[in-house]
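Here is a short briefing for a first look at a new structure.

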Amino acid sequence: MATTMRAAVYGEFSGPISIQEVPKPYAPVGGLLLRVKACGVCRSDYHGWKGLDSDIVQHGLPFTPGHELSGVVVKLGQGTTKFQVGDRVAVPFILSCGNCRQCARSRPTICEGQAQPGFTFPGGFAEFVAIPRADRNCSLIPPKVSFVQAAALGCRLTTAFRAVMQQGRLKAGETLAVFGCGGLGLSAVMVALAAAENVRVLAVDPSEEACKKALELGAWHAFDAKEGDEYVRAKVAEVTAGFGADVTVDAAGFAKSCENAVWCTRRGGRMVQVGLPHGEEPRLPMARVAGLEIEIIGSHGLAATDMPLLLSMVAAGKLQPEKLVEREVNLEDGAKALEDMEKGSALGMTMITNFKGKVVVDPVDGCWLGRCSPGQGQLRSAPFAAESFRALIDKVYKSASTVRGGVSSPQLDRAERGFSFRSQGPLDMRMDPTDATLRPAAWYVANLPEEELEKHIIELGEEVHLLSIQGVHAMTCCENELKP
Ligand SMILES: [Zn+2]
Ligand SMILES: [Zn+2]
Ligand SMILES: [Zn+2]
């Protein structure tokens, strides 16, 4: 296995982010080495790149960002018991320690010794990432959930879930008002409608596009914050019969969004601060907070133990994180998207799903978007050079595996499998290496004339693919991967 990998790296804060060959990390003790399948590009990565994250400053440069990731286990660290090689894994952005006072109080989101991919150690803008503390923090991705969906839960949907449902305690029939409808605020709108019955969601944002998106996601009303504070507060009062919202969330972190959230909270209601404050300090009506017994509650991330709940909501179709994904890109364009946040953030997520540069498809690992697994329903063929086909067969099967005469297309449905060869019967790899009449696949490729080899390339599944060795086709499920 290669000892280096491709990764997006910056050597100075605000400096260029380039794609480099860097040493591949090891599986840490108690952790996992993951092949990254999807990694979101997030505003927090941008802040880190600008030098505004103390963890990255403390870690030192060069650094690889990326904290919204999912991947496949390629190696287990010593002592890791919950996972196996080949498992599809979702990684939360807070990896709690399990040893501190807060962890002992079951408050892992405020763990005193948090590890965070892309902040306290190199993150997911890379082919591989080493994830520590896996058993207590990582979750298996259900078969129905894609790598992109799992990564798109990212920091925003998970954070929004805790803010709205756990810290905000939004209940059936209540009204939620969300101040600031960027990625986090829109996630709050989505989560509220998915997780609580008969709730009404009010969205407030100065951007027309954000208001429109909130309405598309099911918000009851969206109010333009450009109209001013008085307008916003009057509107929220108007649609709540003068009472105010049961729960308000500041998802933006501006003085105005925070102040308006408190002003729009009803008597005895809950206001959740989840957007990280920046800029001017808010001026809060604390007499109102005291007199009306308004609770102001902080919220940070999500406990790793709650990830399976969110993943099951995605599997059930109740939560659709893919709706937040605007585009899927390669590592180069992901790095560029991060630099481009200088000019402001797009509403939708940019998701890195291609980490491999020029390689068209990897028959050893299969589809890196994870869409072939577990079914093969969308198989398509992609051009694949004969030379690399031979090299791969050689690499994968030279020593151990043998075939009786058939060479099938590479089977890509299982991450842990490589090429699969057969003569007849079900496609499998249970070949007997002690049988002298069997030969390595590499032997066939090396010794048979191409016309004859072609005859040995036989069907895969129900479809018959007769493939010319001059332009041998590797099977892949994703159109994205067909691009050179
Ligand atoms: Zn802890
Ligand atoms: Zn994030
Ligand atoms: Zn695919």
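Are cysteine 42 and histidine 67 buried or exposed? Cysteine 42 is buried, and histidine 67 is buried too. Buried means under 20% relative accessible area, exposed means over 50%, and partly exposed lies in between (1.4 Å probe, protein chains only).

This is a predicted model, where local features need pLDDT of at least 70, side-chain atom pairs count only at pLDDT 80 or more, and totals for chains, interfaces and linings use all residues. Residues are numbered from 1 along each chain as its sequence is written, chains are lettered from A and ligands numbered from 1 in the order in which they are written, and side-chain values use heavy atoms, leaving out hydrogens and water.

**The chain overall**

- The chain has 16 helices and 19 strands. These are DSSP runs numbered from the N terminus: helices are H or I with at least four residues, strands are E with at least two.
- Of the 484 residues in the chain, 54% are buried.
- Take the contacts between residues at least 6 apart in sequence: 71% join residues at least 24 apart. Contact means heavy atoms within 4.5 Å.

**Zinc ion (ligand 2)**

- Its donors are Cys42 (SG), His67 (NE2), Glu68 (OE) and Cys155 (SG), at 2.0 to 2.3 Å. Donors are N, O and S atoms within 2.8 Å of the metal (3.2 Å for Na, K and Ca); water is not among the atoms, so sites may look incomplete.
- The site of the zinc ion (ligand 2) is irregular, with angles of 83 to 121° among its 4 donor atoms. Four donors count as tetrahedral if all angles lie between 85 and 135 degrees; four count as square planar and six as octahedral if opposite donors are over 155 degrees apart and all others between 65 and 115; anything else is irregular.
- The donor residues of the zinc ion (ligand 2) follow the spacing C-x24-H-E-x86-C.
- Cysteine 42 and histidine 67 link distant parts of the chain, 25 residues apart. Cysteine 42 sits in the loop between strand 3 (32-41) and helix 1 (43-49). Histidine 67 sits in the loop between helix 2 (54-59) and strand 4 (68-76).

**Zinc ion (ligand 1)**

- Cys97 (SG), Cys100 (SG), Cys103 (SG) and Cys111 (SG) coordinate the zinc ion (ligand 1) at 2.3 to 2.4 Å.
- This site is tetrahedral, with angles of 100 to 118° among its 4 donor atoms.
- The donor spacing is C-x2-C-x2-C-x7-C.
- Cysteine 97 counts as buried because its relative accessibility is 16%. Cysteine 103 is buried at 11%.

**Nonpolar cores**

- The largest nonpolar core has 53 residues; Val164, Leu170, Leu176 and Leu319 touch the most other members. Such a core is a set of buried Ala, Val, Leu, Ile, Met, Phe, Trp, Tyr and Cys residues joined through side-chain atoms within 4.5 Å.
- Helix 7 (residues 183-195) gives the most to this core, with 8 residues.
- This core draws at least three residues from each of domain 1 (4-155 + 303-354) and domain 2 (157-298). The domain bounds come from an automatic or database domain assignment.
- Another core lies apart from it, with 34 residues, among them Val36 and Leu338.

- Helix 10 (residues 255-263) is largely enclosed by the rest of the structure, because 7 of its 9 residues are buried.
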